[in-house]
Amino acid sequence: MTKRSVVLYPGLGVGHLTPMIELAKVFLHHGAAVTVALVEPPTKSPDFSAVVARAAASNPSVTFHVLPPPAPADPPGSEGGTSSAHHIVVMFDHLKAMVPPLRDFLRSLPAVDALVLDMFCGDALDVAAELKLPVFYFYASGAGDLAVFLNLGRMATSTGFAEHGDSIVSFPGAPPLKASDLPKEISEGSPEAKPILGSLYRLAEADGILVNTFESLETRAVRALREGLCVPDRSTPPVYCIGPLVSGGGEKEHECLRWLDKQPENSVVFLSFGSMGTFPKQQLEEIAIGLEKSGQRFLWVVRSPRNPEDMLRPLPEPDLDALLPEGFLGRTKDTGLVLKSWAPQVDVLRHRATGAFVTHCGWNSTLEGITAGLPLLCWPLYAEQRTNKVFIVEEMKLGVVMKGYDEELVKAEEVETKVRWVMESEGGQALKKRVAEAKGRAIEAIEEGGSSHAAFVEFLKDLDNVSLP
Ligand code: UDP
């Protein structure tokens with residue numbers, strides 16, 4: 001039998017590319033040939049080349065192909081917009097403009113047995129239909145989110161939930177959600193909700209959806225998906241829970257890992273807010289005061305504050321002396337380390353000295369925290385993170401909320417209280433125990449014979465039997 005040949009299309013963003021590369025490894029493990037078709041970000045980013053170079057170097061068996069940029073006549077953000085268009089609009093326009101280069105690339109390949117799309121790449125479904133290719137989504141967030149967003153997708157033309165205020169909204173497969181727990185653009189019914197909802201609406205058109213989760217983590221949502229309760233009036237494609245797909249890390253020499261080597265076991269609180277999370281100076285100061293007062297050891301990734309009107313511009317290195325309270329770095333030098341802009345997160349989380357994780361609840365960070373067995377202090381910031389927070393806290397019971405995340409400021413006292421609680425209290429210990437159990441179940445799921453392994457085998461079987469028009 002010839003090798004299956006699959007093309008993975010991760011769209012934009014580190015949080016989407018990283019788990020897609022892990023998916024590539026699973027395909028390789030099952031004997032497939034894998035090509036990852038990459039999209040350059042709409043604004044030139046030195047990070048993109050670095051990420052691609054690193055991914056290619058550490059995965060020599062995967063082919064990485066950077067698609068040529070879209071035709072200049074059709075610049076991203078041009079559709080009814082200006083160069084100052086909202087970054088979400090810019091992203092969707094860019095992905096739409098990438099359809100012809102993707103089509104040309106797929107046509108140039110001798111054989112493609114399946115195309116696997118990122119959740120925001122719905123426009124590529126049309127290419128798959130045109131070329132008669134089996135097409136699947138890789139949903140880089142959880143089954144709970146999928147249950148909610150499949151349902152939300154039907155609202156593509158609605159004005160969102162603005163009129164619901166903070167009332168409870170019910171979705172099959174999800175605990176009660178406040179309207180404000182949905183992504184801000186959707187809960188507020190802002191114009192950017194339209195492309196998001198339009199894209200989510202198309203999820204049900206695929207031949208199947210691979211989800212980066214494992215069944216026992218999200219039992220209720222998985223059941224609702226399987227029972228077809230989440231896509232009103234349409235049929236739900238098969239859902240395969242094949243995770244957790246988490247990067248293996250592998251950074252060895254970073255200064256923060258050497259620093260962690262010198263700390264006692266389970267003693268350090270790690271604070272990191274995804275690939276894009278930033279705070280204004282005032283919030284950074286509150287965090288610093290809270291950490292210092294808590295007396296706990298900490299490792300904290302700090303970025304320069306971002307102008308919310310300019311989400312796409314790369315941030316300069318933060319000036320820590322200017323951003324943090326006077327004398328903070330000196331006073332905490334024996335117990336804390338502040339990193340500028342970026343940490344080797346997976347390696348930090350898995351270090352024996354790390355004891356808790358203050359996270360923005362991005363799905364990769366969530367899985368990385370759980371698979372490291374760390375209790376989560378949830379501080380959602382953007383995108384679907386508030387929805388993730390509800391699942392983490394209410395369903396999985398693997399985290400607690402940092403109060404004030406939905407107000408102007410999380411106060412220093414809250415940082416101090418929660419950090420102490422998680423590190424010192426019985427409640428914190430009980431939480432840690434629950435996460436350790438979840439970690440065990442995650443490992444079992446991906447082992448041979450585990451639920452995620454079995455789901456991938458089933459997916460491969462179904463892939464061979466997709467009936468094309
Ligand atoms: N990440 C990292 N170092 C950092 C911040 C983030 O390695 O300082 C990685 C993190 O390990 C995760 C990804 O970036 O794999 C962020 O993805 P996530 O889904 O958590 O959040 P997003 O960035 O998409 O909001």
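Which residue in β11 does Leu271 stand opposite? The residue is Trp300. With that pair as a way in, here is a short tour of this predicted model.

## The parallel sheet

Let us start with the strands. Leu271 and its opposite number Trp300 belong to a stretch where strand β10 (residues 268-272) and strand β11 (residues 297-302) run parallel, joined by four bridges. Strands of a sheet pair through backbone hydrogen bonds, either parallel or antiparallel.

Step back and you will find an open sheet of six strands, with parallel pairing and the order β12-β11-β10-β13-β14-β15. At its edges stand β12 (336-340) and β15 (399-401); each has a single partner strand, so one side of each is left without a neighbour in the sheet. From one strand to the next, the twist averages 20°.

## Helices on the sheet

Two helices are worth a look here. Helix α15 (residues 363-371) packs on the sheet and touches β13 (354-359) and β14 (376-378). The direction of α15 makes about 165° with that of β13.

Helix α17 (residues 412-424) also packs on the sheet, where α17 touches β10, β13, β14 and β15. Taken against β13, the direction of α17 makes an angle of about 145°.

## Where α6 meets α16

Now for a pair of helices. Two packed helices are described by the angle between their axes and the distance between the axes. For helix α6 (residues 143-152) and helix α16 (residues 385-396), the axes come within 9 Å and cross at roughly 125°. That angle makes α6 oblique to α16, and the crossing of the two is right-handed.

Which residues make this contact? From α6 come Gly144, Asp145 and Val148, while α16 brings Thr387, Asn388, Phe391 and Glu395. Sorted by class, the contact of α6 with α16 has two nonpolar, three polar and two charged residues.

## Around the ligand

Finally, let us visit the ligand. There are 19 residues around the ligand, and those that come nearest are Gly15, Gly274, Ser275, Gly362 and Ser365. By class, this shell has seven nonpolar, 11 polar and one charged residues.

Which helix supplies the largest share of the shell? That is α15, with four residues; α15 is also the helix that packs on the sheet against β13 and β14. Along with α15, both α1 (14-29) and α14 (345-350) each supply at least two residues of the shell around the ligand.

Note on methods
Residues numbered from 1 in each chain as written. Predicted model: local features only at pLDDT ≥ 70, side-chain atom pairs only at ≥ 80, totals over all residues. Pairing = 2+ DSSP bridges. Axes fitted to C-alpha atoms, helices over the stretch in contact; angles between N-to-C directions. Contact = placed C-beta atoms within 7 Å. Parallel < 35°, antiparallel > 145°, perpendicular 65-115°, else oblique. Left-handed = near helix turned anticlockwise from the far one by under 90°. Nonpolar A, V, L, I, M, F, W, Y, C, P; charged D, E, K, R; others polar. Near = placed C-beta within 6 Å.
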